Amino acid sequence: MMNICCEPLVKAITGAMKYSSTLSEKLDKNQLSVTEEACRLASITRWPGDHHIYFWKAGTDRLLLDLLLDYPKIHQLQRELSVNDLINIVRESQNSNLLFSFRPYLWDILGGLAANCEENISHEIHENELQLRVLIVCACLSFVDSMGTLRQVSQNGLTNMTECESACRAVLMMVYSPCKYIASLARSILYEILKPDGKDYIEYLLKILNAVLTGAKFGLPGNLQIVVSLMSLACYCSLPTYQELIIKFQGMKIVVAFIMWWLSNPVHLKRERTVPHLRDSFGERSCCYPSTEEWEGEDMLLLFSLWILAELLHHSAYNKKANSSDNQEDFPRSQLIQELQEICRDHNSHGSRWYAAYVLSYFGIFGFPSKLGKRIGKLLGERDHSDMKLDFVNEESVYVHEVILTVRCPSLLPPGESVPKQKSSGVKSDMERNIVKAVHLSAHVDQPSLLKLLEYVYSGYLHASKDLVKKLKLFARHCKLESLMQVLCRKNPKWGVDVPSFDLSPALGPAGHNLSNLILEAGSSAQLVHWNCNSCSALVPHLHVHKVILLSSCDYLRALFQSGMQESNLQTIKVPVSWESLNKLVRWFYSDRLPVPIFDCVWANLEPEEKFRQVHAYLELCWLAEFWLIDDLYEECYEVVISCIDSSQNLSTKIIQIAANFSQWKLAQVAANHMAPSYHQLRISGELDQLDDNLVEMVRAASVRLSQQGGHHSS
């Protein structure tokens, strides 16, 4: 909707906010509802997009001030006023008529605008410099007040803690805003406001984290209190004076310990479930309502602790003194690095993975480790199945693969060759497959730097010393590798930006078809009536793939291709699965992502036959993954089938038989356990008659175990 009519929607939202802010008297119930809904809608500023510029143009900063302050002449103040003068004015002008329930929305709006602002300040903000300064003062004062609320928090203080969380978040977004003007202004104002009690607050915040680690009777903090404490520490880390205090109070050691604690005891929190003002009754009722995932996902505690660690590393000599630092006494460097790499590889939020990569850069590791990158990285330098070698002037060479360079870094390829426009008969001939192109590199090419760049291209990350980083920046800039450039320069991750994915799927398109050396055909493609390949004239439904990518993830195929037997030279392999399953398999090979169903009300309303058709593909892949020795794929498909059984128990009768046909006895047992409560009903209705006798016995045995455990049977 925002893409279609962004500006009119923003005008409507800000128009409702403007109407409410101009009313001098207390708002009635209907007006309060309109105002609250307008503020709720305006909080979409926390999501990335093009709508932020329209909010600035609509004078949202002025609207926020009108709602926050009861001071009609606020817009007529002199720009030359000092921060202390503004603080006094703001304290005296706070709007007593503004309900506490409104304030979290206002801080979210402000924080979203700051986080998604462009680096180069726009004229809209320049024209509203005074309003922006006053807004930052308001947010910073509320942030400091939240420190007092943290000390007094109780089970009955949820509303106040909600405002604390939003105010802390707003200040965090401002002091780390990509807009240098906003970040600099926010930091200078925050520093002035924190002067009286900053040291005491830091000690208290670190004490809260210690309480989590030790389980002290200090008053074990709740999850929201921990979130606010971490965000507050991250705000303090933006100021060098307080960063030094945090390190002095062994804050780095505490934060590292907290990260390791979270990884051992992950506490998953979604912000919308933690703070009341984001709970939407409509969204809760609409299971398939499309929602935008927050950047922190369910890893808020991990994200903000990584954020703190990154800032402490950035402002200290920790990375230079790692061997002598107290922070390594309990958590060796190697253990911390290993955990950070696993965060990048795991299914964590984009925010956590970005900051894990940011922290890794202080240990000489630059990039974004991934499972697929780990597998592809082993191919660099392998002569088998390579089709190109790069020759250096010292007569040394490195073997590479044109398809990987084409997708990951085409700038490294020599110019001249293009994708054939005419259809071919299929794949390369034996002679073509055995040709290795030699590329002679200029003497000006720095060999160590190029080898490190290839390490990044193949694995998604690289190890480099400080001296080598300078040369790598030149390569990254020339090759237009913006993500690598960001981590090499150690720039703060921008809120809301996705982690770069290691995805070779473009090789399945035109760019990679002329490099294909294998065709995969599905064992069954009866459902495809009309088939046409854009790359060749073959009439059988198939996919053009690349041996080197397949063998990197499949030991069975690696052994087949390297066996030296007749099968190793096959140009076509018939895979004994359906066309739908083959597509999912190949997508997983190239992206490490398995397309999975979304178990919402759309799924619930599907016909049983359609549900079974979808789950059948994952049962096939479970069998194939087991046969081809692809453990990661098996685990993913297994979890999908389990989710299907859980969401539609009436599928169990069909799933148990197909699982048995594929020798997937583990899944058959799961289906039997789901059928156990209805065993007698299924037996009387005759639904068990279609199953093999051993499967009926499996269900009966599961029913007996359930009875012995005191479980409930359906009548």
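**Close-ups of a predicted model**

**View 1. T406 sits in helix α21, which covers residues 402–408.** Helices here are DSSP runs of H or I with at least four residues, numbered from the N terminus. This is a predicted model, where local features need pLDDT of at least 70, side-chain atom pairs count only at pLDDT 80 or more, and totals for chains, interfaces and linings use all residues. Residues are numbered from 1 along each chain as its sequence is written, and side-chain values use heavy atoms, with hydrogens and water left out. Look for the backbone oxygen of E402, 2.7 Å from a polar atom of the T406 side chain. Beyond its neighbours within four places in sequence, T406 is in contact (heavy atoms within 4.5 Å) with L413, A511 and L515.

**View 2. Here is helix α6, residues 103–115.** Its 13 residues reach 18 Å from first C-alpha to last, close to the 18 Å expected at 1.5 Å a residue; that expected span is 1.5 Å times one less than the number of residues. Because 13 of the 13 residues of α6 are buried, the helix is largely enclosed by the rest of the structure. Buried means under 20% relative accessible area, with a 1.4 Å probe and protein chains only.

View 3. A cavity is a set of points on a 1 Å grid over the protein atoms alone where a 1.4 Å probe fits but cannot get out, and lining residues have an atom within 4 Å of a point. Helix α6 gives the largest share of the lining, five residues. Others in the lining include R46, R271, E294 and W495.

Methods. Helices (H or I, at least four residues) and strands (E, at least two) are DSSP runs, numbered from the N terminus. A polar contact is a pair of N or O atoms within 3.5 Å; within protein, one must be able to donate a hydrogen and the other to accept it, and residues adjacent in sequence count only if both atoms are side-chain atoms. Buried means under 20% relative accessible area, exposed over 50%, partly exposed in between (1.4 Å probe, protein chains only). On a 1 Å grid over the protein atoms alone, a cavity is a set of points where a 1.4 Å probe fits but cannot get out, and a pocket is an open set with protein on both sides within 12 Å along at least five of seven lines; lining residues have an atom within 4 Å of a point.
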